[in-house]
Each structure stands twice: as structure tokens, then as C-alpha cells.
Amino acid sequence: MGDNKLTARVLHILSQRPSRTGSGITLDAITRQAASAGWTQAAVVGVPAGDPAPEVGLLTPANIFPLTFQDPQSPLIPARIPFPLPGMSDVMPYPSSVWSTLDQEQLSVYRQTWSAHLERVIADFAPDIIHANHLWLVSALLPDLAPCIPLVVTCHATGLRQMELTPHLRDEVIAGCRKFQHVFALRQDHRDHLVRVLELNPGQSSVIGVGFRDEVFHPQEGLERWPDSLLYVGKFSAAKGLPWLLDACEQLAPDRPRLVLHIAGDGAGPEAESLRSRMRDMAPRVIMHGQLDQPALARLMNRCQVCVLPSFYEGVPLVLAEAAACGCRVVATDLPGVREQLAPHFQGWWNPVPVPPLLGVDTPHPDGLPTFVQQLRESMEESLDRSGERDAPLPELTPLTWKAVFRRTEEIWKSLT
């Protein structure tokens, strides 16, 4: 890391595993775009101690600095932090700690270990700017660790959700993150909320949106679509609406004997295990593909007719843009991030499902679930019927590419360095 300072240097920070969630995919994509634009980069990530060396875009291993957490699957491997990595969602696609269950001693170890790790990397890499991901505890540490370095943070919405789930950590996050020079939001209502909560000047925040890799997600010649094929991409989680998607498929199956629901994703914990068991019992009507890399996911999207995301809470679900770019029709709950950021570009390819009444952030009221399942089934059936319309033009998704997102990001980086 002692090379001559020929180009501006940016240090990326992600406090959870890269490439396994939306924020990890964002980090991977932004580092690829920044490399093409000539930035010198390094990344700090959190990983289980048993993981292979993490990959972030095209960064060399020498410029990726992992902080290790206890690996529940390999508990004897030494780790810097002696409990599983907490993810930004309570249900992650891998074994993890839940923020609301961490005690004061664990939180203290978390803060102290991250602080020491970041302090060393910042001193060695000497960044001109630091770009953190997630409006949460690690980001809140940075103003004290790097008081003379410009700081920007991308709020992926899960930080806002965790403030509601763990209100005892809210003030700490706000106190640290309001000192950032710039805050990126995925959509306008999040930006408005952040300006109020963090007491930002309007110029200190902007809507960055999300992007997809258009060089990976596009129609592929030679891949015929399977008839009556549905696709779900995401965690095995009730908050994602997966149990009621399975209900809707069971209702739809008698009228469509060839119907198959393809599942790309994974999950850990009792909720995920229960869903996994149910999906096994539904085979061959349900096929679980596991966690796929992006090229494999793109191929699957090119084979399926409709991508379904019946989630009760999302920031801006990037997977829908990826699916639409591959020629999948989209069925998704009518969430603000879908309606405001994605739907204007979908040109009729989105079939919305009303969000049922909720108890809290992402828990549906039981009374509304029968209607929700019926509406979900009807939307899927309509989208399957329309999937054969060969003359329908593909959505114009250029504004949602990572190239466009990076242009907005780099503009802020340059203004601060």
C-alpha cells in the first residue's frame, strides 16, 4: 500500500460479507466502475473466520482487509470477534448474529475491534476519501477515526429499519453519521427522512439509486424460456413474503400443471429451515438452486418467464431490474422503492401487488393475508399469460445501470477531494 499517490484514493467499507447481499453487490459494482475511472482503491469487509479470501470487484487480495468473526460452521478457527457476524437484516442468507440480541459486552467488543482494524487500515492506505456502506455502527465510528478525511455513506435502507428494531442504538448512529460530508440514499423518501433525522443541509445528501450489471444481465441467445416458470430471488424469509408466495403457487398449480417455481437464494436459522423443508416437500413444483453468482443468475433469469418478489419491506430491490433486463416480467409488492425508482423504467413489465396491512416494519397482519395471497396469485397468472407477447419492447433500463449510478457517485467524490 505504499505506492506513489498518482491517483485519488478511496477506501470502501462494508461491515458484512461482500457479494452475498444487495450492499455487497453494490460494493462490487462500484469498485469495478471506479477502477475503470482510474481510482486507487481498497476495501474493508466483515467475514466469518472460515470463509475463503473475500473478493471485491477486481481488487487484489492485498487491497482487501477482512475483519474476522466467529464462524458457527467452523467454531475452532480463531476470529478477531468471538461471535457470528451481525448482518444488517435480522434474517441473512448465512448464519449471523441479530443486532437486537447482542449484549453490552458484545457491542463493546464490536466497536473496539472495528475501531482498531479501521485505524490501522486508514493509516496504511491513506485514503483521500472514505465511502462507507450502511448507516449503522461502523459508519458512526468513522468521524472520530478519520476526522480529517472526507466521509460519504450509502444508506441501503436496512439501517433505517434497524433503528426501529434496536432503538437503543439509534442515538449513537445518528450522532456519528450526521458528521459525514455526504449521505447517499436509494430513493427520495429515504433522503427526506435522512435530512430530517441527521439534520443535514440539502447539499449534503442525494439520491443515488441502484444499478445492475448490464454486461451480465441481458437477453441471451439460445436460451428458451421454460413454460409457466416463476422465479424468486432472495433470502428464505417471511419478511420477503416467501411463505405466501408458496401458498399462491399451490393455489395456481391445479390450473397450470407445468408450473414450476425456481428459488435462487439461501437462508439460515429456524425460519429459513422451516421454509426449506416446505419447499423440499413441494418438489418438483419448487426447485431450489441455492445461492448463485451473477452470471448463473442471469442465465436462470433468461430461462424463467416471471420474477416474483412479494416482499413487505425493501429499499430498492435491484433483482427486479436485473430480471427485467433479462426479459422477465416482474410481479412485486407495491413498495415505494419499486414504484418510485424502478417502475417508471419498466414500461408495463411490472404487475404490482398491494402491500397488505402490516404490524410493524415488515410483519403482515394475519387478517390481510388471504387477500394478499389471492392478489399475488392473480398477478402471477396474468404475467405468465403475457410472457408470450413477443412484440413487447424490453424496458429501457439505461438509467439503472451501474455506469449511471457511478457517475452520480463520482461527482460527489470529486467535489470532496
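The model is predicted, so to speak of local features I need pLDDT of at least 70, side-chain atom pairs count only at pLDDT 80 or more, and totals for chains, interfaces and linings use all residues. Residues are numbered from 1 along each chain as its sequence is written, and side-chain values use heavy atoms, with hydrogens and water left out.

Let me start with the sheet, where 6 strands, paired in parallel, form an open arrangement in the order 10-9-8-11-12-13; strands are DSSP runs of E with at least two residues, helices are runs of H or I with at least four, both numbered from the N terminus, and two strands pair if DSSP finds at least two bridges between them. Strand 10 (286-290) and strand 13 (350-353) stand at the edges, each with a single partner strand, so one side of each has no neighbour in the sheet. Between strand 8 (residues 229-233) and strand 11 (residues 306-309) there are 2 bridges, and Leu 230 has Val 306 as its bridge partner in strand 11.

Turning to salt bridges, meaning a side-chain nitrogen of Lys or Arg within 4 Å of a carboxyl oxygen of Asp or Glu, a search of the whole structure finds 18. In one of them Asp 228 meets Arg 256, with the closest N and O atoms 2.7 Å apart. Asp 228 lies in the loop between strand 7 and strand 8, and Arg 256 in the loop between helix 7 (242-252) and strand 9 (260-264), so the pair ties together parts that are 28 residues apart in sequence. Salt bridges with shared partners join Asp 228, Arg 256 and Asp 385 into one network.
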